[in-house]
Amino acid sequence: MATRATLRARVLEQLHDSPSSPVYWSPAEIDQALDEAHELLTEEVRAHRATVYVPKRDGTAYYDLLALEPNAMCPVRIWDAEQQRRLTPITMRLLDRQEARWMTQHSSWPLCWYPLGWGRFGVHPATAQGGGVFRVDLLLWPEPLAEDDDEPDLPDPDQEALVEYATYLGLLKQRLVPFALERYGRFVQGWKDAQARADIRRLQSRVWQRERSGDRAIRR
Amino acid sequence: MPSVGDDLDWTQRFLLDRGALWPRAELLRYYREGYLQLLALSHGVRRFLILEAPPQVTAATSRPRAPRPDGGTERQFTLSGVTGSGVFTSRWEVEQAEGIPPAPGLKAVTQLHYQVSQLETHYLFALPRAHERIAGIWFDHKGLTALSVTELDQLQTDWWNEAGDPVHWTPGVGETRAFEVYPLPKTAQPGYRPQGRYPWGFARTVSGARTYTWVTEPAGGDPTAPPLGLMRRLRSPERQYLSRDWWFLPLGLQRQWLSSVGQLLIWETVVPDVPALEEASVPALTPRQLTKYLKYYVLAQAFNRQGEGFQGTLAQHWQQRWQRGVRLLQRVTDLTWADVHYQRLPGDTGRRDLPLGRLPGAYPRLRL
């Protein structure tokens with residue numbers, strides 16, 4: 001597992017600068033590039049997740065995630081712990097079609113949730129009686145690496161992509177555009193590999209079925 | 001969190017310029033443009049807006065040739081004559097100017113909704129400067145469906161004059177950032193009104209049909225003591241109170257209280273409002289992590305500017321990276337895409353016939 005210091009040293013080597021006393025790039029610049037790469041990779045792969053518990057308050061329909069998790073990107077799953085039920089995602093337009101005055105309805109058993117923009121969501125019906133929590137699974141952006149011994153929260157194979165991106169930025173600054181774009185291409189390939197690794201976890205949720213090809217009658 | 005100035009420093013390092021080719025003011029202009037475009041294209045920031053229907057406004061009508069002596073607000077319903085000879089406030093003035101015997105005009109009123117069913121002009125609801133587009137409108141919590149003016153004209157009535165509970169909304173015949181509803185609400189149902197001899201300052205007590213109880217903090221304070229300080233939070237077991245611009249902390253004074261009961265509730269997309277970003281500003285309407293796309297926008301615009309410093313390849317490259325940020329904010333806003341129901345792998349649904357066996361061409365013919 002690489003730390004920020006080792007990643008920075010690798011980037012400076014790629015840029016033909018001294019890892020111990022860089023001349024053309026400051027350590028802060030390289031660190032910023034690594035953080036930016038980490039964010040970009042997280043945005044594309046969407047594998048960085050966390051769970052927050054949002055307390056249910058009576059009379060409340062709209063909940064703010066940013067107060068609980070400042071790096072929240074968006075919720076992907078909302079689970080009502082009391083009902084032991086996953087809330088169905090829906091939009092306000094669909095709710096308008098289903099019920100005339102859905103905004104005024106309250107219930108102890110919310111059924112669905114709808115987006116209100118980044119960092120906020122609403123539940124329907126609104127919570128009539130407080131108590132209990134929603135368990136919200138979120139996609140997150142990563143925290144910036146603060147210390148040299150911090151490690152990026154990525155699988156080991158994906159960390160190479162961070163080096164590629166920081167090198168790409170360094171080459172762009174040198175106006176070595178073809179080489180920079182080549183590095184960027186490698187970074188893009190890296191995030192596709194990372195997506196594949198993350199998708200494997202999604203595939204595990206699928207229900208497999210027998211192949212149907214062996215059941216059909218032979219037709220002349 | 002990096003400020004606008006920090007981001008511009010970063011872009012200047014990539015432009016290899018300290019203001020000779022691309023002045024700092026130009027880069028700042030690009031940054032502001034990018035901020036506006038990011039929010040406008042992605043519809044990333046939305047808020048609730050309540051408009052009173054019908055509104056109670058301060059009305060002071062005047063014509064240019066008779067200005068108000070105390071210099072108050074002037075409002076004109078401008079109608080142009082056929083010959084374009086001037087602007088008019090009432091229909092009879094147009095008729096008079098064109099030499100047509102004028103029909104009896106309307107008497108002056110202070111609130112337009114007193115004249116519903118006799119309006120000479122369309123009744124427009126104006127939206128604030130930060131408005132970008134409407135995502136939904138409800139009246140008294142009932143959703144209004146959108147219709148075009150053409151569809152409403154099929155009624156073959158003065159539909160803009162009809163009174164009743166609104167059912168539809170339309171962009172109308174007015175300017176942008178305005179809309180109309182059909183039918184028009186005639187009875188005012190004000191939510192909250194400042195009371196008292198001097199109804200300004202900040203609210204000290206709230207009264208009405210509901211019961212309001214003061215709770216001082218820290219908890220355990222005397223509820224019967226006079227309410228000092230500022231009201232910071234309202235909480236009810238039956239409804240929720242929100243500040244309109246939720247991306248700012250609710251500091252300062254609450255100047256206006258509105259209720260969605262019996263009023264128009266608009267779900268709108270907004271863009272940054274004045275004042276514009278400065279070097280020390282921090283963009284508040286986007287997630288901190290998305291400000292990097294604003295830097296890409298600045299680079300794309302800078303490299304795309306014709307003249308010295310133009311680099312088409314780099315301009316295109318940064319433009320593509322910026323567009324990725326717009327799409328990301330679109331996806332983050334439309335949250336329901338991420339919560340999908342998994343499905344079984346699709347089986348082999350196509351029906352295929354097994355190929356028939358073919359005998360060699362030289363095979364003797366079969367006699368059956």
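A salt bridge is a side-chain nitrogen of Lys or Arg within 4 Å of a carboxyl oxygen of Asp or Glu. Side chains of opposite charge can pair when their charged atoms come close. Over all chains, a search of the whole structure finds 28 salt bridges.

The model is predicted: local features need pLDDT of at least 70 and side-chain atom pairs count only at pLDDT 80 or more, while totals for chains, interfaces and linings use all residues; side-chain values use heavy atoms, with hydrogens and water left out. Residues are numbered from 1 along each chain as its sequence is written, and chains are lettered from A and ligands numbered from 1 in the order in which they are written.

One of the salt bridges joins Asp80(A) to Lys56(A), with 2.9 Å between the closest N and O atoms. This pair links distant parts of the chain, 24 residues apart: Asp80(A) is in strand E3 (residues 72-80) of chain A, and Lys56(A) is in the loop between strand E1 (49-55) and strand E2 (62-64). Helices (H or I, at least four residues) and strands (E, at least two) are DSSP runs, numbered from the N terminus. Both Asp80(A) and Lys56(A) are buried; buried means under 20% relative accessible area, exposed over 50%, and partly exposed in between (1.4 Å probe, protein chains only).

Another salt bridge in chain A is formed by Asp137(A) and Arg135(A), at 3.6 Å from N to O. Asp137(A) has a relative accessible area of 11% and is therefore buried, whereas Arg135(A), at 29%, counts as partly exposed.

In chain B, Arg24(B) pairs with Asp9(B) in a salt bridge whose closest N and O atoms are 2.8 Å apart. Arg24(B) lies in helix H2 (residues 24-42) and Asp9(B) in helix H1 (residues 4-15), so the pair ties together parts that are 15 residues apart in sequence. Arg24(B) is partly exposed at 24% relative accessibility, and Asp9(B) is partly exposed at 32%.

Salt bridges can also share partners: Arg4(A), Arg8(A), Asp31(A) and Asp148(A) are joined into one network in this way.

Gly325(B) sits in helix H6 (residues 312-333) and is buried because its relative accessible area is 0%. Beyond its neighbours within four places in sequence, Gly325(B) is in contact (heavy atoms within 4.5 Å) with Leu38(B) and Tyr293(B).

Gln256(B) is in the loop between strand E9 (178-182) and strand E10 (264-270). Its relative accessibility is 61%, so Gln256(B) counts as exposed. Gln256(B) and Pro194(B) are 62 residues apart in sequence, with 8.6 Å from C-alpha to C-alpha.
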